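Have the sequence and the model open while working through them.

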Amino acid sequence: MPRPRSGPFSARWWRSPLRGLRLTSPLGLVLLPGIVLLLGTGLLSYAAYNPDLSPANDMTPDKGWLGFYLFSWPTDPDWLYRLTQGVHVTLGITLIPVLLAKLWSVIPKLFALPPARSLSHAMERVSLLLLVGGGLFVFGTGVLNVQLAYVFPGSFYTLHFYGAWVFTAAFVVHVALRLPRAVRAVRARRTVRAGSAGAEESERERAEEADARLRPPHPVEPTLSRRGALGMVGGGSLLLLATTVGQNFDGLRRTALFAPHGGSDPGAGPNGFQINKTAAHVGVTPERTGPEWRLALHGRGRELRLSRAMLLELPQHSVALPIACVEGWSTSDQWWRGVRLLDLAALVGHRRQPPDLFVVSVQPSGSFRAAALRDNQVRDPRSLLALYVNGEPLSLDHGYPARIIVPAAPGVLNTKWVGRMTFGALS
Ligand SMILES: Nc1nc2c(c(=O)[nH]1)N[C@H]1C(S)=C(S)[C@@H](COP(=O)(O)O)O[C@H]1N2
Ligand SMILES: [Mo]
């Protein structure tokens with residue numbers, strides 16, 4: 001005779017009276033629209049990083065079949081990436097308690113034996129494993145990246161992207177299998193009150209059956225009601241929302257306690273706004289950016305070397321634009337002043353319809369030292385090689401002697417300490 005099972009593989013191990021369809025279903029119904037929005041904004045972020053353009057930009061979806069949806073990221077409205085990526089990161093963090101509670105509510109199912117009763121049961125369990133593993137993986141990698149914990153074997157972008165597709169596939173299967181049941185469970189109480197006709201009766205029976213599979217056979221006495229538990233999850237989410245969202249708004253920045261670019265004070269004065277990486281951090285020394293600095297400008301068979309003084313003699317333009325980082329923080333509009341990318345293109349032979357642009361920093365190494373801009377970004381008259389910000393020369397940490405600023409683009413494309421610009425290198 002087989003020994004009676006013990007530990008988590010035994011149904012007796014799981015005793016919380018909270019588990020059941022009426023806890024699992026509302027959590028699932030919150031996660032459904034939330035995860036759809038996370039997926040949408042996440043895919044937009046890859047499009048914004050111009051993955052099919054240049055090895056310097058993120059290449060993750062490439063032009064292969066997962067890159068089917070890629071398009072030229074627009075330059076209007078100029079707060080576009082601030083919105084999409086702010087929503088992506090803030091919502092992702094806010095949903096963590098809901099995700100964890102949802103997983104907790106169905107943990108016994110992961111341990112249920114035998115592993116598979118039938119082929120369809122086996123497939124369901126595999127999809128559940130991919131769902132749980134994929135969910136923990138995409139939320140986990142996202143949080144680590146936002147916290148600047150670059151502990152990844154390889155690129156964060158690659159891991160997060162392919163992880164998200166695995167998760168999405170499992171999520172679609174799961175929703176198709178479970179959505180009707182979850183809706184039924186949430187509606188069940190209303191049906192009881194209305195008095196039940198035959199069809200509703202059998203619906204309720206099915207919901208009861210599903211509920212029974214999640215409920216522990218030998219529950220302990222409740223110490224917390226189901227409503228109380230849902231309230232705690234909601235409270236946790238609200239707390240995370242309240243301590244995250246501030247990293248996008250000047251007046252609230254100090255409330256962003258867990259955001260590396262939130263609470264910390266970037267200092268006062270015109271250059272007193274968030275800094276992603278300081279010059280010292282990435283090895284940009286004052287020698288590389290001092291009086292010897294020249295901008296190398298390449299175009300249609302022409303090359304120029306310009307000092308900062310020469311750049312200041314070109315027509316100067318001002319524009320108010322934010323910086324919005326993939327990590328989910330953004331600044332309010334800053335006043336940038338400098339030379340239009342259009343005008344620099346014209347200097348090296350691209351007078352009409354300037355092409356794409358490849359920008360390289362004097363920064364000696366690191367993945368964000370170079371970036372490619374699309375022609376639509378180069379052609380926008382608000383796109384600048386900025387020399388001033390908020391009325392003062394750029395500080396070294398904000399990219400002195402010159403940096404790129406492009407409307408609606410992710411921060412990573414706004415290269416600092418620019419050393420070389422090549423028009424038409426990519427087309
Ligand atoms: N050379 C260089 N430019 C860079 C980076 C970098 O690491 N090196 N970081 C980019 C990223 S990810 C962001 S969000 C913005 C931040 O600009 P800020 O530090 O002026 O706020 O700079 C971009 N430009
Ligand atoms: Mo960034």
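Predicted model: local features only at pLDDT ≥ 70, side-chain atom pairs only at ≥ 80, totals over all residues.

Residues are numbered from 1 along each chain as its sequence is written, chains are lettered from A and ligands numbered from 1 in the order in which they are written, and side-chain values use heavy atoms, with hydrogens and water left out.

**Exercise 1.** Describe how domain 1 and domain 2 are placed.

Solution. Domain 1 covers 21–243 and domain 2 covers 279–423; the bounds come from an automatic or database domain assignment. Next, their centres, taken over C-alpha atoms, lie 39 Å apart. Finally, 29 residues of domain 1 contact 29 residues of domain 2 (heavy atoms within 4.5 Å).

**Exercise 2.** Trace the pairing of strand β4 with β3 and with β7.

Solution. Strands are DSSP runs of E, at least two residues, numbered from the N terminus, and two of them pair if DSSP finds at least two bridges between them. Begin with β3 (residues 317–321): five bridges link this strand to β4 (residues 334–340), in the antiparallel sense. Within that pairing, Ser318 is bridged to Arg337. Then take β7 (residues 384–389), which is antiparallel to β4 and joined to it by five bridges. Here Gly338 is opposite Ala386.

**Exercise 3.** Is Val126 buried or exposed, or in between?

Solution. Buried means under 20% relative accessible area and exposed over 50%, with partly exposed in between (1.4 Å probe, protein chains only). Val126 has 48% relative accessibility, so this residue is partly exposed.

Notes
Helix = DSSP H or I, 4+ residues; strand = E, 2+ residues; numbered from the N terminus.
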